[in-house]
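Here are a few notes to go with the model. Have the viewer open while you read them.

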Amino acid sequence: MTVQRVCFQLQVKPDRIEEYAGRHAAVWPDMLRALKETGWNNYSLFLRDDGLLIGYFETEFLEATRVGMAATEVNARWQAEMGEFFEDLDVGPDEGFLRLREVFNLEDQLAALDEIETIHLDSNDPHREVT
């Protein structure tokens, strides 16, 4: 199974930045468990001084991860509280984030390079059987 890397962006209201950061310094234990149980792996949030929020997580099935999390009671409570922190958001933060397109991944490119080099080395092997 291929792991999907998901990166997204939201905009925190300037007057709520410190409170937002504080809330994420001690996320509810049941929220942490729900995220992990529904497939949000290696999940991080990064916050710029102007409120630009970038999130990143890895999952095997993005839609199942989102649906699973949406079905939890703790997520409904968390989203209700967090929704007021964001600009220009008519839906919950977990539905309204802008997903960013991945344009580079070191491991993927190294793996492709290794595959190309292996094919090249094999084609130069004088003991290789030609069919």
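1. Ground rules. Two strands count as paired if DSSP finds at least two bridges between them. Helices (H or I, at least four residues) and strands (E, at least two) are DSSP runs, numbered from the N terminus. This is a predicted model, with local features needing pLDDT of at least 70 and side-chain atom pairs counting only at pLDDT 80 or more, while totals for chains, interfaces and linings use all residues. Residues are numbered from 1 along each chain as its sequence is written, and side-chain values use heavy atoms, with hydrogens and water left out.

2. The sheet. What is the strand order? The open sheet has 4 strands in the order E2-E3-E1-E4, paired antiparallel. Strands E2 (41-47) and E4 sit at the edges, each pairing on one side only. From one strand to the next, the twist averages 25°.

3. E1 (residues 4-11) is joined to E3 by 8 bridges, and Arg 5 stands opposite Glu 58 in E3. Between E1 and E4 (residues 98-100) there are 3 bridges; Phe 8 has Arg 99 as its bridge partner in E4. E2 and E3 share 5 bridges, with Phe 46 opposite Ile 54 in E3.

4. A helix on the sheet. H3 (residues 62-70) packs on the sheet and touches E1, E3 and E4; its direction makes about 110° with that of E3. (Angles run from 0 to 180 degrees between N-to-C directions; axes are lines fitted to C-alpha atoms, for helices over the stretch in contact.)

5. Ile 54. This residue belongs to strand E3 (residues 52-59).

6. The axes of H1 (residues 17-25) and H4 (residues 73-82) come within 12 Å and cross at roughly 160°. That makes H1 roughly antiparallel to H4 (the cut-off is over 145 degrees). Tyr 20, Arg 23 and His 24 of H1 meet Trp 78, Glu 81 and Met 82 of H4.

7. Two sides of H4. Val 74, Asn 75, Trp 78, Gln 79 and Met 82 are the buried residues of H4. They lie on the same side of H4 because they cover an arc of only 125° around the axis, taken from the directions from the helix axis to the C-beta atoms. Glu 73 and Ala 80, on the other side of H4, are exposed.

Terms used
Angles under 35 degrees count as roughly parallel, over 145 as roughly antiparallel, 65 to 115 as roughly perpendicular and the rest as oblique. Contact means heavy atoms within 4.5 Å. Buried means under 20% relative accessible area, exposed over 50%, partly exposed in between (1.4 Å probe, protein chains only).
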